[in-house]
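Me: I would like to go through the charged side chains of this protein. Please take the questions one at a time.

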Amino acid sequence: MTAEDYKNGQVLLIDKPLEWTSFQVVNKLRWHIRKRFNIKKIKVGHAGTLDPLATGLLIICTGKQTKNINEYQGQVKEYTGTFVIGATTPSYDLETNINETFPTEHITEALLHKTTEQFIGKIQQKPPIFSAIKKDGKRLYELARKGETTEIKAREVTINEFEITNIELPNVEFRIVCSKGTYIRSIANDYGEALNSGAHLSVLRRTKIGDFSVEDALSVDEFIEKITSA
């Protein structure tokens with residue numbers, strides 16, 4: 001791969017590490033591409049944010065391919081992960097501590113499988129208060145961390161598939177195929193409510209974006225090794 005290849009546009013599949021922001025991955029790759037080829041400036045961007053506590057597929061576009069970011073962002077995505085049943089957190093995941101616990105004695109395997117049916121198709125979903133969505137020029141998580149509350153409008157998303165793949169209560173593993181803009185954390189919270197209990201997200205991994213699979217992705221370290229040894 002040459003400097004011109006990266007400028008003309010590459011689509012890089014990266015397996016985002018846990019606790020990294022998507023922006024940190026972009027910055028790291030950009031720095032190594034610039035250093036390797038002695039390029040002063042090159043556009044690098046990602047096609048769809050993953051939360052720091054999520055791992056999995058990030059599509060990174062370079063050069064002229066950055067013009068296609070919206071196209072990649074709009075594609076159907078697949079996620080796998082784990083819900084913890086019986087407790088909620090303000091962020092709907094492990095970013096914040098448990099704030100409430102709920103009974104789980106009534107929850108059976110049959111109920112766990114049956115409840116997924118409520119989420120299939122077009123649904124109205126409220127994004128988490130701990131999210132990067134902007135309201136009045138400020139990101140929601142900035143308001144949330146200050147303890148400020150704000151009304152969040154529900155938005156329509158599409159859930160193509162939602163299946164429970166393993167049950168070891170309180171942990172329930174799942175696979176979800178969904179449209180752009182879907183918050184799996186919100187599904188965790190809403191799923192808990194639908195069970196007449198509570199739930200939050202403890203593990204999340206993005207496995208596919210359109211026809212792209214995380215199985216074909218490189219870790220950040222593998223990409224750096226590949227580019228520096230080329």
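Me: Is E163 buried, partly exposed or exposed?

Reply: The model is a predicted one. Buried means under 20% relative accessible area and exposed means over 50%. E163 has a relative accessible area of 33%, so E163 is partly exposed.

Me: Which residue forms a salt bridge with E163, the closest N and O atoms being 2.6 Å apart?

Reply: Side chains of opposite charge can pair when their charged atoms come close. E163 lies in strand β10 (residues 155-168), and its partner lies in strand β11 (residues 171-178), so the pair ties together parts that are 12 residues apart in sequence. With the closest N and O atoms 2.6 Å apart, the residue that forms the salt bridge with E163 is R175.

Me: How many residues apart in sequence are the parts that D93 and R185 tie together?

Reply: D93 and R185 form a salt bridge, with 3.9 Å between the closest N and O atoms. D93 lies in the loop between β5 (87-88) and β6 (100-101), while R185 belongs to helix α6 (residues 184-194), so the parts tied together are apart in sequence by 92 residues.

Me: What is the relative accessible area of K43?

Reply: K43 lies in the loop between α2 (22-37) and β2 (44-46). On the surface, K43 gathers with K41, K64 and K67 in a patch of positive charge. K43 is exposed, and its relative accessible area is 59%.

Terms used:
Residues are numbered from 1 along each chain as its sequence is written. This is a predicted model: local features need pLDDT of at least 70, side-chain atom pairs count only at pLDDT 80 or more; totals for chains, interfaces and linings use all residues. Side-chain values use heavy atoms; hydrogens and water are left out. Patches are made of residues with over 30% relative accessible area and no salt bridge: like charges are joined within 9 Å, nonpolar side chains (Val, Leu, Ile, Met, Phe, Trp, Tyr) within 5 Å. Accessible areas come from the Shrake-Rupley method with a 1.4 Å probe; for residues, only the protein chains shown count as cover. A salt bridge is a side-chain nitrogen of Lys or Arg within 4 Å of a carboxyl oxygen of Asp or Glu. Lys and Arg count as positive and Asp and Glu as negative; His and the chain ends are not counted. The place of a charge is taken as NZ of Lys, CZ of Arg, CG of Asp or CD of Glu. Helices (H or I, at least four residues) and strands (E, at least two) are DSSP runs, numbered from the N terminus. Buried means under 20% relative accessible area, exposed over 50%, partly exposed in between (1.4 Å probe, protein chains only).
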